[in-house]
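I opened this entry to keep a record of what I looked up, item by item, before turning to anything else. The notes follow the order in which I went through the model.

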Amino acid sequence: MTGPDLLPPPGTLDDALDQVRTVADAVLFEGYVLYPYRASSAKNQMRWQFGVLVPPACTAQGGEYAEQRTDILLEPRTADRLHAELRFLHVRRRTVERLDPDGTYTEVPELELPDRVLVPWDEGHEERIRLHAPLAELTGEQAHTRTVTFDLPPAVEHEPVLDDRGRTLGRLVRRRVRLTGEVRPGVEQLPGPYRVSRLTVTVLNTTDTPAGDRTTALPHSMIGAHLLLAVQGGRFLSMTDPPEWARPAVAELRNDRTWPVLAGPADREDLVLSSPIILEDHPVLADESPGPLYDATEIDEILSLRTAALTEREKREARGTDDRAAEVIDLVDSMPEAVRERLHGAIRGLREVTGEEQCAAGEPVAGLPLPEGTGHPWWDPQQDPEAADAPTTIPIDGEAVGKGSRVLLTPGARRTDAQDTFLRGCRATVEAVVADLDGELHLAVVLDDDPGTDIRRQQGRFLYFKPDEVAPLKEPREEEP
């Protein structure tokens, strides 16, 4: 491995970034091993869904890429150095060999032990590539001198498999292939009255390997690749909620296959996690989470109950699949009932709004009227006396748009929920013009082709868009026969 200042100065990078590594670990190991945690299960035949950077020759396979780019705005203030850490998993292909009577080893599909069944498996070994560079040296032509290049050479490791008496039954063989890459940082000061710069960090997989399918490419790939960034004494600007003066500059940023968010405690702005999974600023792990379950596409409560219901044979295979899978099985088997009950969920938003720690079942929460016959509160801005007044119509493209208006949904790439991008081009009907507590206007709409429109109207569950995210439609809505 080569590159400048690879060892962190005492008291800088590690102290600052330890605060975000718990969340970063959840990103790194997302999808690492999927329920039911056995190598033989169908779900575990397609792993490593996020942040996979393959060798350049393999980019034509499976829609994956060799490069990841992070752009974010930075106010240097008193900061004079950038601290960065690239983290990813490097695949180690594990095979199982049985010890024969003649002292030789034979590769086998499984090796049974009293407490587990060992099977072939792709393990992920965490790698960290660090960069510490003066900000002044990341500008202009000299930026290329701060590029960090790394070379992880091939290796083979053997681990003996022993029985409860200490006798050798076989061995695990782990093979790692070569993986090379680069981390390229750069800083460009932006024009204008504000002393703000654009920080760009590009991560590249440079491994020279022939083209192949995804299975062939994975051992040469960076998996779950993400960046931790720190500028002690400086300030990063939020991508989702920047100051008003910075919004035009934020709109010009380009983030490829990653999304940077402010990280660490809510009062810190000098830490960033650039993740292949969309997160909000200052992400945290839920207090109710009993431990890493890796398969976050499942609900923790359901996942724990299903795992507890595995047969003993299935649990033995899970324990033999991977050490992390074994930890999940042990965690679920030893989970106290009180912890399991916490997984049923918690409503944090209402506590923050109302200041109420809890309320009796069916009892109205202050400011949140209950629909008759239900026990679930919703927020209706038109009935909340504390909500800002809203007009009945909004002028859009020269037309007054209000209740009953037909609109075309046109959400953009910025300032919108990720799910809203799937609704681009859909037709909808406006149900109300509403104002939030900051006085900003929104249109509450229902989709014209949504079969659950009547239920949404009855329950007041609408989709909300800002005026510049819709376009008026002039043709009348077609009446159903």
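**Entry 1: an open sheet**

I began with an open sheet of 5 strands, whose order is S21-S20-S19-S18-S22 and whose pairing is antiparallel. I note here that the model is a predicted one. At the edges of this sheet I found strand S21 (463-465) and strand S22 (470-472), each of which pairs on one side only. I also looked up the angle between neighbouring strands of this sheet, which are turned by 50° against each other on average when direction is ignored.

Going through the pairings, I noted that S19 and S20 run antiparallel and are joined over 7 bridges, with Ala 428 having Leu 447 in S20 as its bridge partner. S19 and S20 form a hairpin with 5 residues between them, and Gly 439 in the turn has a positive phi of about 85°. On to the next pair: S20 and S21 are antiparallel and joined by 3 bridges, and for Ala 444 the bridge partner in S21 is Tyr 464. Strand S18 (residues 406-409) pairs with S22 over 3 bridges, again in the antiparallel sense, and I recorded Val 470 in S22 as the bridge partner of Leu 409.

How many of the 7 residues of S20 are buried? I counted 6 of the 7 as buried, so S20 is largely enclosed by the rest of the structure.

**Entry 2: Asp 436**

I then turned to Asp 436, which is placed in the loop between strand S19 (427-435) and strand S20 (441-447). Is Asp 436 buried or exposed? Its relative accessible area is 19%, and Asp 436 is buried because the cut-off for that class is under 20%. I also looked up its separation from Ala 390: Asp 436 and Ala 390 are 46 residues apart in sequence, while their C-alpha atoms are 8.7 Å apart in space.

**Entry 3: salt bridges**

A search of the whole structure gave me 44 salt bridges, and I followed some of them individually. In one of them, the side chains of Arg 38 and Glu 314 meet at 3.6 Å, N to O. This pair links distant parts of the chain, since Arg 38 sits in the loop between helix H1 (13-28) and strand S1 (67-75) and Glu 314 in helix H5 (residues 312-321), 276 residues apart. Arg 38 counts as buried at 14% relative accessibility, whereas Glu 314 is partly exposed with a relative accessible area of 24%.

Another salt bridge is formed by Arg 178 with Asp 151, whose closest N and O atoms are 2.7 Å apart. Arg 178 lies in the loop between strand S9 (168-176) and strand S10 (179-189) and Asp 151 in strand S7 (residues 148-152), so this pair ties together parts that are 27 residues apart in sequence. Both partners came out as partly exposed, Arg 178 at 36% and Asp 151 at 33%.

I also took down the salt bridge in which the side chains of Asp 256 and Arg 254 meet at 2.8 Å, N to O. Here Asp 256 counts as buried at 17% relative accessibility, while Arg 254 counts as partly exposed at 40%. Elsewhere, salt bridges that share partners join Arg 21, Asp 25, Glu 85, Arg 87, Glu 126, Arg 128 and Arg 130 into one network.

**Entry 4: Thr 207**

Thr 207 is found in the loop between strand S11 (197-205) and helix H2 (214-217), and with a relative accessible area of 5% it is buried. What does Thr 207 contact, leaving aside its neighbours within four places in sequence? I listed Pro 55, Pro 56, Arg 178, Leu 179, Thr 180 and His 220. For Thr 180, I noted that its backbone nitrogen lies 3.0 Å from a polar atom of the side chain of Thr 207.

**Entry 5: cysteines and the whole chain**

My search for disulfides returned 0. Of the cysteines I looked up, Cys 58 counts as buried at 1% relative accessibility, and Cys 426 is partly exposed with a relative accessible area of 22%.

Last, I wrote down the totals: the protein chain has 9 helices and 22 strands, and 47% of its 481 residues count as buried. Among its contacts between residues at least 6 apart in sequence, 69% join residues at least 24 apart.

Methods:
Residues numbered from 1 in each chain as written. Predicted model: local features only at pLDDT ≥ 70, side-chain atom pairs only at ≥ 80, totals over all residues. Heavy atoms only, no water. Salt bridge = Lys/Arg side-chain N within 4 Å of Asp/Glu carboxyl O. Helix = DSSP H or I, 4+ residues; strand = E, 2+ residues; numbered from the N terminus. Buried < 20%, exposed > 50% of the residue type's maximum accessible area, 1.4 Å probe, protein only. Disulfide = S-S within 2.5 Å. Pairing = 2+ DSSP bridges. Axes fitted to C-alpha atoms, helices over the stretch in contact; angles between N-to-C directions. Polar contact = N/O pair within 3.5 Å; in protein donor to acceptor, adjacent residues only side chain to side chain. Contact = heavy atoms within 4.5 Å.
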